[in-house]
Amino acid sequence: MMFRWPVLLLLVFLQLPLYAGAVRQKTVNRLKYCSLYDLMTGNGFRVTLQSSAMTAVGRGYTCVFNRNARRLTCNGVRVELLNSMSFEGNMPWIATLDWFKTLRPLLYPGTVPKHPVRRIMIDMGHGGNDSGARGAISQEKAITLRVGMRVAQILRTRGYQVDMTRTSDVYIPLDRIGPMQQRTNGDLFVSIHVNSAADRSVTGIETYCLTPAGAASSNGGAVSQTEHPGNRNDPANFLLAWHIQNALLRRTGAVDRGIKRARFAVLKNINAPGVLVEIGFISNRAEERKLNDQEYIDKIALGIVEGITGFAYVTRVRQ
């Protein structure tokens with residue numbers, strides 16, 4: 001389903017918290033934009049305009065919007081926008097879709113629909129005859145299983161019910177994972193994976209949520225208008241991704257590769273907020289050693305758990 005733009009733009013005025021003025025709008029290459037300056041100043045943020053960026057400070061956040069880029073940083077965490085910013089002189093404009101799917105859920109988590117977070121599904125990527133990425137001393141499937149088991153253990157000590165797609169070295173077909181989550185009717189979904197790159201110097205953590213309809217994924221591809229079941233939770237998906245990425249960086253000190261969007265199979269057919277986390281690069285020797293060290297695994301697991309509990313707290317859904 002796609003919003004009709006007149007309705008979507010009307011929602012800008014009706015649903016912006018604290019807003020008390022008109023938001024300028026324009027169309028660029030058939031894409032609807034709103035004045036980021038109007039949105040932020042109208043909601044009480046202190047805004048600084050520069051030739052290369054706009055900085056907005058308020059509500060406990062410092063957001064830096066880069067000129068003509070598809071990127072912002074919020075409290076130091078990198079976020080890949082759905083569309084590049086547009087600037088007229090020093091005046092910034094943000095795609096209306098990014099306001100609703102990226103910025104507003106983060107700055108105003110109360111706009112994200114509330115539901116209790118009691119039951120969580122953890123998916124450990126690959127398994128069985130699917131080893132996933134391979135490093136010099138280990139395989140992705142073994143690392144994700146160790147991390148996932150530790151995440152589940154910590155969550156259970158904190159009172160959560162946890163379902164797992166696997167607890168041993170078995171392969172679960174991707175098309176079965178969505179239905180598994182739907183049957184449990186869990187409240188959140190987290191899929192754990194390990195990255196790999198031809199450039200062995202690349203390191204870091206990145207967290208993905210499902211690409212919204214009407215946008216292209218962060219790593220390229222065409223714009224798709226198809227809406228999957230997982231898109232029903234677009235704002236919550238992004239908010240969960242931000243809290244998990246933020247907590248992982250704080251716990252591990254890893255390189256921040258950002259919050260991104262992709263149409264991964266495991267995210268398309270879930271009926272709860274969900275993310276896929278790439279916890280590091282097995283192709284980098286130093287990072288692979290960390291990913292096989294129990295102390296570092298504990299840091300990753302705690303980061304994921306703290307991201308989940310942070311999401312539950314800011315949306316006030318824990319009951």
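Modeller: Ala, Val, Leu, Ile, Met, Phe, Trp, Tyr, Cys and Pro count as nonpolar, Asp, Glu, Lys and Arg as charged, and the others, Gly among them, as polar. Please note that the model is predicted.

Biologist: By class, how many residues in the lining of the second largest pocket are nonpolar?

Modeller: The second largest pocket has a volume of about 250 Å³, and 19 residues line it. Among the lining residues, four are polar and five are charged. The nonpolar residues number ten.

Biologist: Which residues lie nearest the centre of the second largest pocket?

Modeller: The lining of this pocket consists of 19 residues. Elements that give two or more residues to it include strand E10 (119-124), helix H5 (174-184) and strand E12 (188-195). Nearest the centre lie Gly125, His126, Leu174, His193 and Val266.

Biologist: Is E10 mostly covered or mostly uncovered?

Modeller: A residue counts as buried when its relative accessible area is under 20%. In E10, five of the six residues are buried. The strand is therefore, by this cut-off, mostly covered.

Biologist: In E12, which residue is the bridge partner of aspartate 123?

Modeller: E10 and E12 run parallel and are joined by five bridges. One of the bridge pairs links aspartate 123 to a residue of E12, namely serine 191.

Biologist: In E11, what is the bridge partner of isoleucine 122?

Modeller: E10 pairs with strand E11 (residues 161-164) in the parallel sense over four bridges. Together with helix H4 (residues 140-157), E10 and E11 make a right-handed β-α-β unit. In E11, the partner of isoleucine 122 is methionine 164.

Conventions: Residues numbered from 1 in each chain as written. Predicted model: local features only at pLDDT ≥ 70, side-chain atom pairs only at ≥ 80, totals over all residues. Heavy atoms only, no water. 1 Å grid on protein atoms, 1.4 Å probe; cavity = no way out; pocket = protein on both sides within 12 Å on 5 of 7 lines; lining within 4 Å. Points joined across faces, edges and corners; volume = space filled by probe spheres on them. Buried < 20%, exposed > 50% of the residue type's maximum accessible area, 1.4 Å probe, protein only. Pairing = 2+ DSSP bridges. Right-handed = clockwise from strand over helix to strand, strands pointing away.
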